[in-house]
Amino acid sequence: MSIDLYGLSRVVAEQGVLPQRARRLDPSLPCREAELLIDVESLNIDAASFKQIKEEVGGAPARIAERIQDIVRERGKMQNPVTGSGGMLIGRVKEIGPRHPARETLKPGDRIATLVSLTLTPLVIEEILAVHPEIDRVDIRGHALLFASGIYARLPEDMPETLALAALDVCGAPALVARHVRPGMTVAVLGAGKSGALCLAQARRGLEGKGRLLALDISEKALAALSGIGLCDEALRVDATQGVDVMGAVSRATGGELCDLVVNCASVGNTEMASILSVKNGGTVIFFSMATSFTAAALGAEGVGKDVTMLVGNGYVPGHADLTLKLLRAEPALRKLFETRYV
């Protein structure tokens, strides 16, 4: 008898639809034979999703908590109906189904972070204990279920769990950058948040001292923090929704050459053209922003006649968790930045 690898049995009333696409999941107990039951402690909400919720309800923590609870109550998972994105969680293993592949490697009580999106994770929130708007996190009491196909990481013992969660939340980004950066490139990273900082740090390693590294963001404070620890050669304060202006700034910074690689980590929408216009013909854009519109990117590149390879970062690259945690260990200034801003 085959196991329910992808959690299809948790989809409510939509035959053949995978959990991420489903309108609603069944998060009820008991834990099934190929599932992992987790006592959840914190949700790290995707930056684009948290920003949208905060703007929708006016920013008050109590109203943010109420909106998150409403979404989870309605959908059986944390999937923002506007952005479509979710986030990830941290918690403690409570029960391991007899046919779950982690049966021999995990035990009840182990602390883990899930590395699959909350948009496909059955979730029940019994109570929201605290809201941390400055780091897109909520502390809760509740449970979640991880399918046999769901990836996770044990929390490391050599760093605070909140630090590990902040990094693991976006660990797919620097891992994919590692595949594409080569010495001699000009690389731009759009967005100076968690994923942007990690991508810059990984790109700097990949350039091996040969090439140029640009950081772009609307926040002078965020750019100053990145520049202050040497994560970029030049910081450009730009509004990423203004594609032509961004292209002008990047052109001036590169002597008209533009970039070989642009990595979009912005947490707002309408930034597709800033990325496309800033890359050379034949260059590559990696979109990690959950606010990215495929339509805007595809038609936008066509409309300006730009021959560019566009990649969607799916959040999973083999070894991405280890790579990101090693990056924090190897870069004390980067780790301190994370501890200051996200812990």
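Reply: Ala, Val, Leu, Ile, Met, Phe, Trp, Tyr, Cys and Pro count as nonpolar, Asp, Glu, Lys and Arg as charged, and the others, Gly among them, as polar. By that rule, the lining of the second largest pocket has eight nonpolar residues, three polar and no charged. This is a predicted model, where local features need pLDDT of at least 70 and side-chain atom pairs 80 or more, while totals for chains, interfaces and linings use all residues. Residues are numbered from 1 along each chain as its sequence is written, and side-chain values use heavy atoms, leaving out hydrogens and water.

The pocket (an open set of points on a 1 Å grid over the protein atoms alone, tested with a 1.4 Å probe, with protein on both sides within 12 Å along at least five of seven lines) holds about 160 Å³ of space. Its lining (residues with an atom within 4 Å of a point) consists of F287, S289, M290, T292, S293, F294, A297, A298, M310, L311 and V312. Two elements each give two or more residues to this lining: helix α9 (294-303) and strand β12. Here helices are DSSP runs of at least four residues and strands of at least two.

Strand β12 (309-312) is an edge strand, as is β9 (234-237), and each pairs on one side only; pairing takes at least two DSSP bridges. Both belong to an open, parallel sheet of six strands, ordered β9-β8-β7-β10-β11-β12. From one strand to the next, the twist averages 20°. Elsewhere in that order, β7 (residues 186-190) and β8 (residues 212-217) run parallel and are joined by five bridges; V189 has A215 of β8 as its bridge partner.

Definitions and conventions:
Axes are lines fitted to C-alpha atoms, for helices over the stretch in contact, and angles run from 0 to 180 degrees between N-to-C directions. Grid points are joined across faces, edges and corners, and a volume is the space filled by probe spheres set on the points.
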